[in-house]
Amino acid sequence: VAVRRTGAEFKDAMGRVLQRLDVAGADTSAFGATLVEAKGSLASAAVDAPGVQAVVKRLSGATSDMVKKNRDLESELRESTAQITTLQDRLEQARREAFTDALTGIGNRRCFDIALSDHCERASLGEVELSLLLIDIDHFKEFNDTYGHRIGDQVLKVVGAKLEQMSRDVDTPARYGGEEF
């Protein structure tokens, strides 16, 4: 849900940026047309001092207007950049949460499945050696029944923390299921 919502917000933000850039392009084209028109007026053989003043006044106004529009565009693009950065951070956070077991803080089953697939592919290409270690806490249901789920959760957290601590950077510690790691 968070990823979908953030993705929609990202799409909206990008749409606003593209729309604003279209407007800026039209403004630039209009300014270019004003410059061409002024050039034509100044090239005319019948231009007198008042005519030159009128062209300069028109160019000055158009330039001031363009400078203001460019400042506004810069400001809007800075705001959009900040918003997009925030959205990217939210997407990254949602991605981390989607691959993390909420109880133990290590990878979840989805993380495990993806990592295993990636490691298998790399091993088949001869890039890495592959080993897999599956751990199951024996008699965990009985432990939970005897000491309660709160204490059982603490055991799972300790096991997850120990696996994380003992893992190398290339390893992927993950909770596969209830008490399987």
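A cavity is a set of points, on a 1 Å grid over the protein atoms alone, where a 1.4 Å probe fits but cannot get out, and its lining residues have an atom within 4 Å of a point. The model is predicted, with local features needing pLDDT of at least 70 and side-chain atom pairs pLDDT 80 or more, while totals for chains, interfaces and linings use all residues. Residues are numbered from 1 along each chain as its sequence is written, and side-chain values use heavy atoms, without hydrogens and water.

**Exercise 1.** Find which residues line the largest cavity, and which elements give two or more of them.

*Solution.* Start with the search, which finds one cavity of 30 Å³ or more in the whole structure. Its volume is about 40 Å³, taken as the space filled by probe spheres set on the points. Next, list the lining: Arg20, Ala24, Asp27, Met66, Lys69, Asn70 and Leu73. Finally, turn to the elements: α1 (2-43) and α2 (49-98) each give two or more residues, and α2 gives the most, with four.

**Exercise 2.** Now describe the largest pocket, an open set with protein on both sides within 12 Å along at least five of seven lines.

*Solution.* Begin with the space, about 640 Å³. Then take the lining of 22 residues, where Ser131, Leu132, Leu133, Asp171 and Thr172 lie nearest the centre. Among the elements, α3 (109-124) and α5 (149-166) give two or more residues, with α3 giving the most, five.

**Exercise 3.** Locate Asp171 and Thr172 in the lining of the second largest pocket.

*Solution.* This pocket holds about 160 Å³ of space.
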